[in-house]
Amino acid sequence: MSVTNINNITDIKSSVRIYPNPSADKINIELRSAIDFQNIELVIYDGIGREAGKMKIDKSVTVLEQNFPSGMYFYQVKDKNKTIGTGKFVKL
């Protein structure tokens with residue numbers, strides 16, 4: 001693998017932005033990449049790794065946190081079974 005490929009992977013994974021974090025009301029997840037992904041899926045896991053939600057998204061999505069109890073959550077953004085971003089957020 002060349003250095004260019006490694007940088008491209010880093011650019012893709014860093015293209016997921018989540019805000020505000022922490023949040024008591026809602027969060028926004030934004031895909032900030034120039035790459036045109038298809039079949040993008042957001043999967044949210046609770047603090048012990050159980051799947052808490054899943055949805056299809058395009059370039060950005062707003063997730064209403066009121067569906068989740070307070071706690072720490074982890075997310076994974078996938079495109080055709082390839083992970084393009086991961087992170088966490090806190091629900092107050």
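The structure holds three aromatic pairs. Keep in mind that this is a predicted model. The protein chain has 92 residues and carries one helix plus seven strands.

**Overall layout**

- About burial: 35% of the 92 residues count as buried.
- For the surface, the accessible area of the protein chain is about 5,800 Å², and carbon and sulfur atoms own 50% of that.
- Take the contacts with a separation of 6 or more: 51% of them link residues 24 or more positions apart.

- Phe-68 and Tyr-73 make a tilted pair, with 5.1 Å from centre to centre and 50° between the planes.
- Phe-68 has a relative accessible area of 11%, so it counts as buried.
- Tyr-73 is buried too, with a relative accessible area of 5%.
- Tyr-73 also pairs with Phe-89: the ring centres sit 5.5 Å apart and the planes meet at 20°, so this pair is stacked. The cut-off behind that label is planes under 30 degrees apart.
- Tyr-73 belongs to strand 6 (residues 71–79) and Phe-89 to strand 7 (residues 82–91), so their pairing ties together parts 16 residues apart in sequence.
- Phe-89 comes out as buried, at 1% relative accessibility.

**A charge over a ring**

- Arg-17 lies over the face of Tyr-19, at 4.0 Å from the ring centre.

- Pro-22 sits in the loop that runs between strand 1 (16–19) and strand 2 (26–31).
- With 44% relative accessibility, Pro-22 counts as partly exposed, because that label covers values between the 20% limit for buried and the 50% limit for exposed.
- Leaving out residues up to four places away in sequence, Pro-22 touches Val-90 and Leu-92.
- Val-90 is 68 residues from Pro-22 in sequence, yet their C-alpha atoms are 4.7 Å apart in space.

Methods
Residues numbered from 1 in each chain as written. Predicted model: local features only at pLDDT ≥ 70, side-chain atom pairs only at ≥ 80, totals over all residues. Heavy atoms only, no water. Helix = DSSP H or I, 4+ residues; strand = E, 2+ residues; numbered from the N terminus. Buried < 20%, exposed > 50% of the residue type's maximum accessible area, 1.4 Å probe, protein only. Contact = heavy atoms within 4.5 Å. Areas by Shrake-Rupley, 256 points an atom, 1.4 Å probe, with all protein chains shown as cover. Phe/Tyr/Trp six-rings, centres within 6.5 Å; stacked < 30°, edge-to-face > 60°. Lys NZ or Arg CZ within 6 Å of the ring centre and 35° of its normal.
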